[in-house]
Amino acid sequence: MKSLFQKSLETVALASFIVLGAATALAQNPRIQTTQLDGLTAKASQTVDINIDERLIELTIKFLGNSPDEVKVKDVVKGLKGIYVKSFEFEKEGEFSDADLESIQSQLRNTAWNKIVNIKSKKDGSVGVYLMSNASQISGLAVLASDAKEITVVNIIGNVDLEKLTRLEGQFGIPELGIEVKPKRKN
Amino acid sequence: MMNNNDDYLWDKTGEPDPEIQELEQVLGTLRYQPRSLEIPEGIAPSQKRALLPRFLAIAATMAVMLLGAGLWLSLHRRQGNEVSKVPNKATTSGAEKAAVVVPDIGSDDSAPVSPRIEVAAKPNRHRINHAAVSHEFANNRRPRVKTPDFDASERNEAMAAKEQLMLALRVASSKLSLAQRKAQEINSENQIHNQHKIG
């Protein structure tokens with residue numbers, strides 16, 4: 001009887017350990033689920049849906065040449081394990097709901113994610129930049145940007161160099177966005 | 001002549017007709033006479049000339065066969081060496097396995113994958129023209145691409161992946177820049193606001 005109790009206790013402990021381990025692993029997973037946004041494709045006037053896994057990144061690296069621009073790109077993507085982008089642009093305002101945004105934000109509220117930038121504006125929309133770190137290394141990046149007519153989720157898995165990635169704008173055929181600079185408010 | 005000599009004319013059974021006999025003699029010289037073919041001396045091929053190409057053909061065939069055998073042997077040896085280099089136990093992490101399963105770029109395996117980008121003209125907004133950028137990459141970058149040891153399907157996949165990658169990097173860098181600019185804007189606004197307060 002005692003041995004039966006002991007065995008069941010061991011089994012429960014093992015199961016708890018496995019569940020806890022799985023939960024921790026899930027919590028530490030830098031991959032953001034964005035499939036819940038797929039319904040917006042029908043409403044969007046412009047959709048970008050990019051899923052590049054490690055194998056494709058490695059294949060592309062082999063395919064990139066040795067020109068200075070391509071070397072910069074190689075430098076940024078080297079060692080990354082995945083790049084996932086989902087972006088929807090709409091003709092009209094109000095085509096996506098707060099629930100759509102919340103489905104992403106709820107994942108980013110996980111303690112493994114650190115919010116490094118979060119700018120909210122009723123006029124200009126909001127931008128949030130989140131990082132997941134593992135010891136001294138970045139293991140994931142998430143950017144959630146939205147305004148009245150757009151929602152964009154960028155999710156990069158691996159040790160990404162933010163500075164290099166930001167500096168890519170305007171290079172290698174990557175045009176400067178020319179993002180509208182709002183006139184400063186008069187105080 | 002036509003009545004009595006008709007049989008002679010047709011089957012030589014009737015009374016012989018001298019005119020017909022004369023004609024027979026005249027035309028008989030032109031009758032077909034079988035004889036063996038006589039090739040003129042100058043045209044006839046000599047035995048020595050005929051032998052040379054035959055030997056050459058045999059030698060060439062043997063050389064090709066030897067070359068083929070040599071190639072096959074060397075290839076076989078190389079494959080054997082490569083197999084012997086493979087470790088007994090392959091180790092792959094779970095992440096790598098997942099990475100192999102993940103790709104969901106398009107659904108048709110036979111066609112080269114390409115990013116799903118739906119574009120609509122929006123001239124009034126300062127947005128990214130995805131199609132133009134993609135087109136730019138297609139025009140400007142493809143000829144400069146070096147293709148080391150890629151077969152056609154891999155090259156197509158790599159080209160599609162490259163375009164996707166560039167688009168993804170562009171979106172990512174633009175959004176990060178946007179965040180950076182907005183943060184800087186807020187900082188400068190706060191500084192101006194504080195200066196006014198102090199003043």
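**View 1. Surroundings of V143(A) in the predicted model.** Leaving aside neighbours within four places in sequence, V143(A) is in contact with V129(A) and V154(A) of its own chain and with A172(B), K175(B) and L176(B) of chain B, two residues being in contact if their C-beta atoms, placed from the backbone, lie within 7 Å. This is a predicted model, in which local features need pLDDT of at least 70 and side-chain atom pairs count only at pLDDT 80 or more, while totals for chains, interfaces and linings use all residues. Residues are numbered from 1 along each chain as its sequence is written, and chains are lettered from A and ligands numbered from 1 in the order in which they are written.

**View 2. The largest nonpolar core.** Of its 48 residues, I83(A), V85(A), V143(A), A168(B) and A172(B) touch the most other members. Such a core is a set of buried Ala, Val, Leu, Ile, Met, Phe, Trp, Tyr and Cys residues joined through C-beta atoms within 7 Å; a residue is buried if 20 or more other C-beta atoms, placed from the backbone, lie within 10 Å of its own. Elements giving two or more residues to this core include β2 (80-89) and β5 (137-147) of chain A as well as α6 (152-198) of chain B, and α6(B) gives the most, with 14 residues. Helices (H or I, at least four residues) and strands (E, at least two) are DSSP runs, numbered from the N terminus.

View 3. The hairpin of β4(A) and β5(A) has two residues between the strands, and A135(A) in the turn has a positive phi of about 55°.

**View 4. The buried face of α3(A).** The buried residues of this helix are V73(A), V76(A) and V77(A). Seen down the axis of α3(A), these buried residues fall within an arc of 85° (the arc of the directions from the helix axis to the C-beta atoms), so they line one face of the helix. Just after α3(A), G79(A) takes a positive phi of about 85°.

Methods. A residue is buried if 20 or more other C-beta atoms lie within 10 Å of its own, exposed if 12 or fewer, and partly exposed in between; C-beta atoms are placed from the backbone. Two strands pair if DSSP finds at least two bridges between them.
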